[in-house]
Amino acid sequence: MDSPRTAVSNPPVQPMESNLTQRDLVRRSATSELPPPDRQLTPVAKLIDVSKCIGCKACQSACIEWNDTFPDIEENVGVYTNPHDLTENMFTLMRFTEWVNPETDNLEWLIRKDGCMHCADPGCLKACPSPGAIVQYSNGIVDFIHENCIGCGYCVKGCPFNIPRISKVDHRAYKCTLCSDRVAMGQGPACAKACPTQAIVFGTKDDMKKHADERIADLKSRGYANAGLYDPPGVGGTHVMYVLHHNDKPHIYADLPDDPKISAVIEVWKGVTKYTGLAAMGLAAAGAILHGLFGKANRVEPEDEVSAEKLVEEAEDLREGA
Amino acid sequence: MPRSNDVQPEDTIHRGPPVTVGRYGPGKRLNHWITASCLILLLLSGLSMFHPSLFFLTDLFGGGQNTRMLHPWIGVVLFLSFFIFFAQLWRANLPNRTDAQWVSQIGDVVNGHEERLPEIGKYNAGQKFIFWGMAFFIIVLIVSGIIIWEQYFGEATPIDVRRIAVLTHSVSAVLIILLFILHVYAAIWTRGTLRAMTRGSVTGGWAWRHHRKWLKELAGRGRIDPAE
Amino acid sequence: MNIDLSRRSFLKLAGAGVVATSVGAMGFGESEAAEIAHVRAFKLKTTTETRNTCPYCSVACGVIIYSKGDSRKGETADIVHIEGDADHPTNRGTLCPKGAALKDFVKSPTRLQHPMLRKPGSDTFERISWDDALDRIARLMKDDRDANLLAANAKGIPVNRWTTVGMLAASATTNETAWATFKFAKSLGIVGFDNQARV
Amino acid sequence: MTNSWTDIKNTDLVVVMGGNAAEAHPCGFKWVTEAKAHRGAKLIVVDPRYTRTASVSDYYAPIRQGTDIAFLNGVMKYCIDNDRVQWEYTKAFTNAAYLVKDGFGYKDGLFTGYDAEKRDYDRSTWDYVIGDDGFVVTDPTLQHPRCVWNLLKEHLAPYTPEMVERICGTPKEKFLRVAEMISECSTPTKTMTSMYALGWTQHSHGSQNIRAMAMLQLILGNIGVRGGGMNALRGHSNIQGLTDLGLMSHLLTGYLTAPTEKDEDFETYMSTRQFKPLRPGQTSYWQNYRKFMVSFQKAMWGDAARADNDWAFNYLAKLDVPSYDVLRVFELMHAGKVNGYLCQGFNPLLAFPNRAKNTKALSNLKWLVTMDPLETETARFWENHGDFNPVDTASIQTEVIQLPTTCFAEEDGSLTNSGRWLQWHWAGGTPPGEAKHDTYIIAQIFLRMRELYRTEGGAFPDPILNLSWDYADENEPTAEELAREINGRALSDVMDPADPTKVLVPAGKQVVNFSQLRDDGSTMSGCWIYSGCFNEQGNNMARRDNHDPDDTGTYLGWTFAWPLNRRTLYNRASADLEGKPWDPSRKLLEWDGAKWTGYDIPDIAPTAKPGDVGPFIMNQEGTARLFTRGMMRDGPFPAHMEPFESPVANVFNLKMRGNPVSRIFEDDAKQLGLSDEFPYAATSYRLTEHFHFWTKHNRVNAALQPEFFVEISEELAQERGITNGGWVRVWSKRGEVKAKAVVTKRIRPLICDGKPVHVVGIPLHWGFTGSAKKGFGPNSLVPFVGDANIETPESKAFLVNIEPSTPPKDKEGIA
């Protein structure tokens, strides 16, 4: 009778095998031929029901504690959003928006938990030049393998949601891992377990979609005609989804993209540029070498030398004559 | 005879035989080679991050992290050394009427029929094109490069700007590499050119054949070292 | 402490849907597992669990303390993590932003380590031994009580009232501590005795 | 709480007023979201600010702080006028039908018997008409003009929607919408729960705020039922426990009251406490007072408490004033009449009103002892921190001893949550440095003092020398030993009253619960209401069976709830006069013809026939009180009273200021501000990222809410030229603070009595110790006056002024 809960059990303390290994990879950054995974894990998803969220920041707190990060103690700048942006030490962030509904003239305090959306079609992974720095598991988790990260920041540009952050200390990219270490042990992410109202729940993507349908029905019954599920197709759907009371205008939730896609600029860069670029450079080099080998070189003829000497003498004579 | 910007201080004819003509002093040559080696290092490190198939090149720099760290600094060095070079040579590379003529007869250039071409000053249109091309792309690369230099300017600009910068940077990199290939090739194809940047001088014949106007101007101005 | 309960329900993971990732673990040997170790090592492995409740508000959420070392075995127990207790009926494993960060409350840099004394007019605290501190307090209290206890009122009725020393009790201490504190304060006749419930 | 956190999922309507559950009690609030998700329950928030609770509410109505009584009286009037009353419940389970003495009345905002000199009422007329049989005279038809119901209707008459809007600033249509939604819960099959906290208690009329809602809940039939009740969320983890255990000036354990000078001896003391039933056949449970009191005295003084010495009654301090509450003690301290102070896990410098006065008071102490796991501002009150604590250190002659204690993670024991669950916890970590358990510290001070009294003698040593202290290691009693003492045991064989030859409890055995306590000295129990927590079955507080048959949310197998493991108080009221549940789908108890059965422990005798015994067994009436006789100093009905510092005058009596019977000391009266000088209505509150002054020591919470701020409306910001994120100075008649300004749409000006009222929100949590940025607490501004009945300071409604400012300066040399 209660809502689905992320934590049906406490974490194990007895040694257990990790269930997320290289054998479960479906994508690996800068790697063309990846052996197909020998099993397909059930796709998982984190569902964030913005209408149930009380903006308490338990998710941020749990995230910091589980991942042992050290966000800075900043200043108050007139908002509740703290830290003020995602950082390499803050993988998730409550973004607060005071929005007056033009239809009702009532204030609505929109509070959205920002963080990695774990796109089915991950822009960060596509942009990454370092083999194996970004991986995608067959359950949908997109994870950063920090040992392989070179800190170039391409993932930041590749991400349609501008999520990853580069550490100023170790120059590696950081973001929400969907607590891959917990999921590998059969646990849900720390934020989802902590969430007091279970506005954040974690399970199979199918279960989460079913749960979302119930929530949306409840919201519609409370007058939110446009309530809906945010699972943007532009990035092949995501493994972090939102239930929004105003799904017709996601942008009111602290600029959540209405229709996120991997930026066209990035597509061109990682597509056309790379291949035509390589081709052009290759052809030019090859052409030069061929022409060098078979074309006739432009040599200086002996008479050129003679002409030059003549010129010099004439010039000399001219001077003496003067 | 009209005075042109073609004559640099160290341009002097050395009485032969064989006649040689000083073209680049030690300063300029050092400068050129610093720029050249930076460009090669940037090319290697850049390409390693440009396409996965070339990632192995990062090993040359001691791994990806080092490559990522070194690349921008090499870029800064190149920028500085190239623009010292630029300051000295930009006048000599200002286009003039004969350049148009030269370009219109590019066929004769490629086939080596230089007798059909007008007399050329210190630089022909092709050399000028490379000079200005290099200058332009180096500026584009340094600006876009700084924008995407995570270590210091990571969040200095909006994400959209950074996205455009990363594309611009790679496109102009490709183009400057093409330019670079052309430059190297021309220098090799036109025999007797390389010594200008090694020994600093060319043979009189080379000057007569390729840059007769420049040679005549030197002679006319008596830029000939005195007899012993 | 009913840890079994969570062990049993661990198998119910299917319900949470993460079963797919939790069952059918591939049999990697230790060395190989290390070599392909991909996700972060699970940090609660081989820690000691202790059931506790959150000390903040009076929802009293169940928490589990994870420590290296087991104090019940006389070992030093170093707390490495604190997380909600999924078996607890009220919070079901959830915690608020305060509860979720309990570890850093326990390990706060401003946790007090030693008894300290500030002498009148001084601008600093200085270390003092427990014995000296406790003897000093007992002496100060006895002297004041002897001097100021109102044993009987004007009508000669015993009132055993001590108003020149007051005490505030902590409403985050246990009932058992509170009972000991109550006996102590009321037997001395301290009437200026209250706890946070008043404010 | 009358109910439990998990029971909230059974409700149809949640009214959060005088609290902010989502922010202060997020995990308890989970059960509100469950009720919404699975019962389609609605959530109403009435608050001066649009809080995080409001952000998930179905309906939000603004209200001016301190005017809740007017609002609630208005709702009660609405329900009565529109016949939205649970009549059967009201007639059977409340004192609506009782007749009240002639002479009682209400006029110009005052009840009969007011004495302006004494600031007190003569309450003799505030009582029932008692018949010759010694019982109250009633009129079950509710026709009699002097019956409570008709007096109530008369009392509520002025509270029209227009009057509510005028006083509270709540737009009429918003008030009516709320009243309408609430009134729907008058049907037996719809129930509402009230979740409140310090938003109601921290007023000079706090007790009456709560009474008003309790009365509303009674006429809607929502007390004692699943998903109903009056639910005080409570602040600290064991604030319930310390109150139950009587760690207060005017209490003993289990709500036995401290003797006063009037109680010259034990019998006199008992004579005013063993209440006889006021209606035939009622339980009036306090008739057992003597059993609990004697057992308590035995727990305290063992063999030294004997029948022939009045059970050592004279060992107890007798009060000459209603209580030596914290305000009175700090007033005495300020006047130099207190020499020493022990401060256990408490930070009064930031918690008590009028910080300047607190600093002066503490500086007058000869010595101060603090026991705390953390640094506190109180322990360092003498330390100069520039603007953050501008004191002249050298001139402060107080000796301060700071003792490091363990925290929850390093000790065993039980805490009582707001649902009255006594939950045991276990130590999971090794204490840092030399930190010691509080019990060790208390034991050590006690033993050392006892030794001094043994060797030196001294003033009335008997209560100290004879205090029972028999623990395996008297230097550090264990939690189990103390818990067993609280539960109580037989000191000599306890016989079965039914069969005097049968031993019920052999000497030395734990009593099963308080039903086995005796008044002959054969039993002892530290706290009778806790009896049953640790009996011969073992430590019931450590029980962890989390099964919940039929999802009722009662969890009888989980730990122990007082009294007698009962989860919902007054649960007999969940069934009608025949003993059938009002709402079969929400059954709690049922009369099966012979006894009460169901999901909870019945709170009347299991065999007490439904028609005979009323549900409210602690009351002499057996019913709940809509009219409280003389039991509350400020009136038997809740009447609108303005805060002592209010932007508008009391519309019922323009001259009346605050609560007419609240105690206020002379100097503090002089320090009250007026609205011409201090035009803005300030209120104080907690934020969800922090817990009081503890979590500012925690790097994580400090990062989530780093710096002290005040919240104001865009309109006020405009009016005073304040920019969002800029520095402001906020000052009252008593002091000033500097803070960042958070300019928000969540606070809007209210129109009260025709003029705009701007609200200034001032969170607590910041001080000059810890990881967070240094800041101030609202208590620098709060007036030093409390509630008329229990002296809780008026921290929720006071007047301030505000202006743009510059950053505060720390001590020289500190960045």
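1. The contact between chains C and D. In this predicted model, 105 residues of chain C are in contact with 139 residues of chain D. The side of chain C that touches chain D draws two or more residues from each of strands S1 (48-53), S2 (62-68), S4 (116-118), S7 (158-169) and S8 (190-195) of chain C, and likewise from helices H4 (102-106), H5 (130-148) and H6 (175-188) of chain C. Sorted by class, this side of chain C comprises 53 nonpolar, 32 polar and 20 charged residues. Of the four pairs of chains in contact, it is chains C and D that share the most contacts.

2. Strand S4 of chain C pairs with strand S12 (residues 399-404) of chain D, in the antiparallel sense and over three bridges.

3. Chain pairs without contact. No contact joins chain B and chain C, and the closest C-alpha atoms of these two chains lie 19 Å apart. Chain B and chain D are likewise not joined by any contact, with their closest C-alpha atoms 21 Å apart.

4. The contact between chains A and C. Here 46 residues of chain A and 42 residues of chain C take part. On the side of chain A that touches chain C, at least two residues each are supplied by helix H1 (58-67), helix H4 (180-183), helix H5 (190-194) and strand S9 (200-204) of chain A. Of these, H1 of chain A gives the most, with five residues. The classes on this side of chain A are 20 nonpolar, 17 polar and nine charged residues.

5. A sheet in chain A. Four strands of chain A form an open sheet in the order S9-S2-S11-S10, with mixed pairing. Its edge strands are S9 and strand S10 (228-230) of chain A, each of which pairs on one side only, and the twist from one strand to the next averages 25°. Within this part of chain A, strand S2 (residues 44-49) and S9 pair in the antiparallel sense over five bridges, and the bridge partner of A:Val44 in S9 of chain A is A:Thr204. Helix H6 (residues 205-221) of chain A lies across S2, S9, S10 and strand S11 (240-244) of chain A, and runs at about 135° to S9 of chain A.

6. The overall form of chain D. The secondary structure of chain D comes to 21 helices and 31 strands. Its radius of gyration is 27 Å, close to the 28 Å that the globule rule gives for 815 residues, so chain D is as compact as a globular protein of that length. Taken along the principal axes, the C-alpha atoms of chain D fill a box of roughly 85 × 70 × 55 Å. Of the 815 residues of chain D, 64% count as buried. Among contacts in chain D between residues at least 6 apart in sequence, 72% join residues at least 24 apart.

7. Helix H6 of chain D. The buried residues of this helix (residues 161-168) are D:Val164, D:Glu165, D:Ile167 and D:Cys168, and they pack against helix H3 (68-81), helix H7 (172-183) and strand S28 (750-752) of chain D. The helix is followed by D:Gly169, whose phi is positive, near 75°.

8. Cis peptide bonds. The peptide bond from A:Asn82 to A:Pro83 is cis, with omega near -10°, and A:Pro83 has its place in the loop between H1 and strand S3 (93-100) of chain A. In chain D, a cis peptide bond joins D:Trp562 and D:Pro563, with omega about -10°; D:Pro563 lies in the loop between strand S21 (560-561) and strand S22 (589-591) of chain D.

9. Positive phi in residues other than glycine. A:Ala30, in the loop between strand S1 (25-28) and S2 of chain A, has a positive phi near 50°. With 21 other C-beta atoms within 10 Å, A:Ala30 is buried. D:Arg420 has a positive phi near 65° and is found in the loop between strand S13 (413-416) and strand S14 (421-425) of chain D. D:Arg420 counts as buried because it has 25 C-beta neighbours inside 10 Å, the cut-off being 20 or more.

Terms used
Residues are numbered from 1 along each chain as its sequence is written. Chains are lettered from A and ligands numbered from 1 in the order in which they are written. This is a predicted model: local features need pLDDT of at least 70, side-chain atom pairs count only at pLDDT 80 or more; totals for chains, interfaces and linings use all residues. Two residues are in contact if their C-beta atoms, placed from the backbone, lie within 7 Å. Ala, Val, Leu, Ile, Met, Phe, Trp, Tyr, Cys and Pro count as nonpolar, Asp, Glu, Lys and Arg as charged, and the others, Gly among them, as polar. Two strands pair if DSSP finds at least two bridges between them. A residue is buried if 20 or more other C-beta atoms lie within 10 Å of its own, exposed if 12 or fewer, and partly exposed in between; C-beta atoms are placed from the backbone. Axes are lines fitted to C-alpha atoms, for helices over the stretch in contact, and angles run from 0 to 180 degrees between N-to-C directions. The radius of gyration is taken over C-alpha atoms; the globule rule is 2.2 Å times the number of residues to the power 0.38.
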